[in-house]
Amino acid sequence: MQITDVKVRKLFDEGPMKAIVSVTFDGQLAVHDIKVINARDKFFIVMPSRKNPDDTYRDIVHPINAQFRSMLEEEVISAYNAALEEAEAEANEELATTL
């Protein structure tokens with residue numbers, strides 16, 4: 001299974017959650033609401049989940065093995081970093097035009 005697209009839907013400045021991402025696999029299946037989290041100076045992803053009646057959470061979709069999780073995490077965090085750089089460049093460009 002190949003990751004064919006990663007879209008950063010929203011960036012956050014405050015708190016540990018830094019982005020919400022959608023990933024497309026093989027151009028056929030999209031998974032939405034993957035969260036990019038920064039905690040203890042490390043970035044990682046959290047898969048979409050649902051709250052159970054007993055107030056616990058259960059992943060709706062998740063990687064089956066560590067190798068695929070690592071590949072997915074690497075692709076998502078790379079897309080997050082690119083989106084962050086793009087947002088910073090746009091902010092700098094906007095600032096330069098107002099001066």
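Q: Which residues of α1 are buried?
A: They're Phe68, Leu72, Glu73, Val76, Ile77, Ala79, Tyr80 and Ala83. "Buried" means under 20% relative accessible area, "exposed" means over 50%, and "partly exposed" sits in between (1.4 Å probe, protein chains only). So each residue on that list comes in under 20%. Keep in mind that this is a predicted model: local features need pLDDT of at least 70 and side-chain atom pairs count only at pLDDT 80 or more, while totals for chains, interfaces and linings use all residues. Residues are numbered from 1 along each chain as its sequence is written, and side-chain values use heavy atoms, leaving out hydrogens and water.

Q: What do the buried residues of α1 pack against?
A: They pack against β1, β2, β3 and β4. Here contact means heavy atoms within 4.5 Å. The labels come from DSSP runs, numbered from the N terminus: helices are H or I with at least four residues, strands are E with at least two.

Q: How does the reach of α1 compare with the span expected at 1.5 Å a residue?
A: The expected span is 1.5 Å times one less than the number of residues. α1 has 33 residues, and its first and last C-alpha atoms are 48 Å apart, close to the expected 48 Å.

Q: What makes Asn65 a cap for the N-terminal end of α1?
A: A side-chain oxygen of Asn65 lies 3.3 Å from the backbone nitrogen of Gln67. A polar contact is a pair of N or O atoms within 3.5 Å; within protein, one must be able to donate a hydrogen and the other to accept it, and residues adjacent in sequence count only if both atoms are side-chain atoms. The 3.3 Å distance is within that limit.

Q: What is in the largest nonpolar core?
A: It has 16 residues, and those with the most contacts inside it are Val6, Val21, Val23, Phe25, Leu72 and Val76. The elements giving two or more residues are β1, β2, β3 and α1, with α1 giving the most at 5 residues. To belong, a residue must be a buried Ala, Val, Leu, Ile, Met, Phe, Trp, Tyr or Cys, joined through side-chain atoms within 4.5 Å.

Q: Why do β1 and β4 stand at the edges?
A: The open sheet has 4 strands in the order β1-β2-β3-β4, with antiparallel pairing. β1 and β4 each have a single partner strand, so one side of each is left without a neighbour in the sheet.

Q: How do you know that 7 bridges make β2 and β3 a pair?
A: Two strands pair if DSSP finds at least two bridges between them. β2 and β3 are joined by 7 bridges, so they pass. One example is Ala19, whose bridge partner in β3 is Val36.

Q: Why is Asp55 called exposed?
A: Its relative accessibility is 54%, which is over the cut-off for exposed. Asp55 is in the loop between β5 and β6, and its phi is also positive, near 70°.

Q: Why is Val61 called partly exposed?
A: Val61 has a relative accessible area of 32%, so it lands in the middle class. Val61 is found in the loop between β6 and α1. Not counting residues up to four places away in sequence, Val61 touches Val31, Met47 and Pro48.
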